[in-house]
Amino acid sequence: TTDIYYDDDAEVSTLDDETVAVLGYGSQGHAHALNLHDSGVDVVVGLREGSSSRSAAEADGLEVATPADAVAQASYVSVLVPDTVQSDVYENAIEPNLEAGDTLQFAHGLNIHYNQIQPPEGVDVTMVAPKSPGHLVRRNYENDEGTPGLLAIYQDTTGDAEERALAYAKGIGCTRAGVIETTFQEEVESDLFGEQAVLCGGVTSLVKHGYETLVDAGYSPEIAYFECLNELKLIVDLMYEGGNMEMWNSVSDTAEYGGLTRGDRIVDESVRENMEEVLEEVQNGEFTREWIVENQAGRPSYSQLRQAEQEHDIEEVGGRLRDLFAWAEEEEQAEDEDESV
Ligand code: NDP
Ligand code: MG
Ligand code: MG
């Protein structure tokens, strides 16, 4: 069975004699740095010259240095800059300043798993990945609540990699909720697959197809928007609370019978085959190679796809409806800026 760690399994004091460098002060970076700081850990934030995040980190009372200086000062390095710039930052600022016995830590295993970063022997390589956007990681901590997280050890040369990573996980509040042990491979591959097939890619595609089917058949876009997009939240909330059964038990018998008889006709075996193909591209590195090349080329397809998504009718209809109805206001205020999952 899977190991899950809680507060009793970790001691923040393990990091008493260490300085933790948090590179980046974005979604995850600000949350980790502030939570660690409030937990009594010595933190230095690493930001490049002219960084737009610098004033925020300083205003929050944290020490700021360049990434290179932060790494040089620290024995524990948490890499929280965007995945697409990590190998650059690693090469220029981290690697030259890493020492034997240091910990190099990530919140997502992409660059390690696909060999974009190849750390030297002699350092510990770990992952502490909150399963939540950074703004919630911070908010939960301030409310004495926890954020569930993942922990993985890629390389343990000191023999203390796990103990130190658990101390970090406790420092940011993750062991309050529970930390699940995993591997870099499992975290990366399941994360990429989930966001592509189900969470981000799959669900938006399903919504758009449903919306277009209704609108093309002559139903009003407003009604189609409510049915296919807006109501999704109510359904997902029920699934989140109590699984699929909570949802089935809460909807009408008509909705349940219709869904049970029609769902597998919509998302049928061919979709399952497509999912297996997408998973294979994740496993064999094809997706990551494509994404690296796309970034090197200045993101031409990405920009185009984004633009097309922006121009889809459902955006205009949704924007109009959200302005007209009060229900979205509260949520938009509470909404976290970050979309990563
Ligand atoms: P962000 O995009 O929020 O990071 C932005 C920060 O990185 C800013 O402080 C920015 O500073 C800095 N930065 C950007 N480019 C550079 C650069 N070239 N050199 C130095 N600093 C730079 O990242 P996230 O918090 O979203 O992601 C960080 C890690 O956490 C990733 O590995 C991600 O996969 C993982 N993760 C993210 C989650 C999320 O919800 N966001 C959830 C779980 C894991 P500047 O002002 O200089 O641009
Ligand atoms: Mg209905
Ligand atoms: Mg992801």
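Biologist: How far does a polar side-chain atom of S53 lie from an oxygen atom of ligand 1?

Modeller: This is a predicted model, where local features need pLDDT of at least 70, side-chain atom pairs count only at pLDDT 80 or more, and totals for chains, interfaces and linings use all residues. Residues are numbered from 1 along each chain as written, chains are lettered from A and ligands numbered from 1 in written order, and side-chain values use heavy atoms, without hydrogens or water. A polar contact here is a pair of N or O atoms within 3.5 Å. For S53 and the ligand 1 oxygen, the distance is 2.7 Å.

Biologist: And how much of ligand 1's accessible area does the protein cover?

Modeller: Accessible areas come from the Shrake-Rupley method with a 1.4 Å probe. On its own, ligand 1 has 900 Å², and the protein covers 83%.

Biologist: Which helices each supply at least two residues of the shell around ligand 1?

Modeller: Near means a heavy atom within 4 Å, and 24 residues are around ligand 1, with Y25, R48, S52, S53 and D83 coming nearest. Helices are DSSP runs (H or I, at least four residues), numbered from the N terminus. The two you want are helix 1 (27-38) and helix 4 (86-94).

Biologist: Which helix gives the largest share of the negative patch?

Modeller: Patch residues have over 30% relative accessible area and no salt bridge, with like charges joined within 9 Å; a salt bridge is a Lys or Arg side-chain nitrogen within 4 Å of an Asp or Glu carboxyl oxygen. Asp and Glu count as negative, placed at CG or CD. Members include D264, E277 and E290. The largest share, 4 residues, comes from helix 14.

Key: Patch = residues over 30% accessible without salt bridge, like charges linked within 9 Å, V, L, I, M, F, W, Y side chains within 5 Å. Polar contact = N/O pair within 3.5 Å; in protein donor to acceptor, adjacent residues only side chain to side chain.
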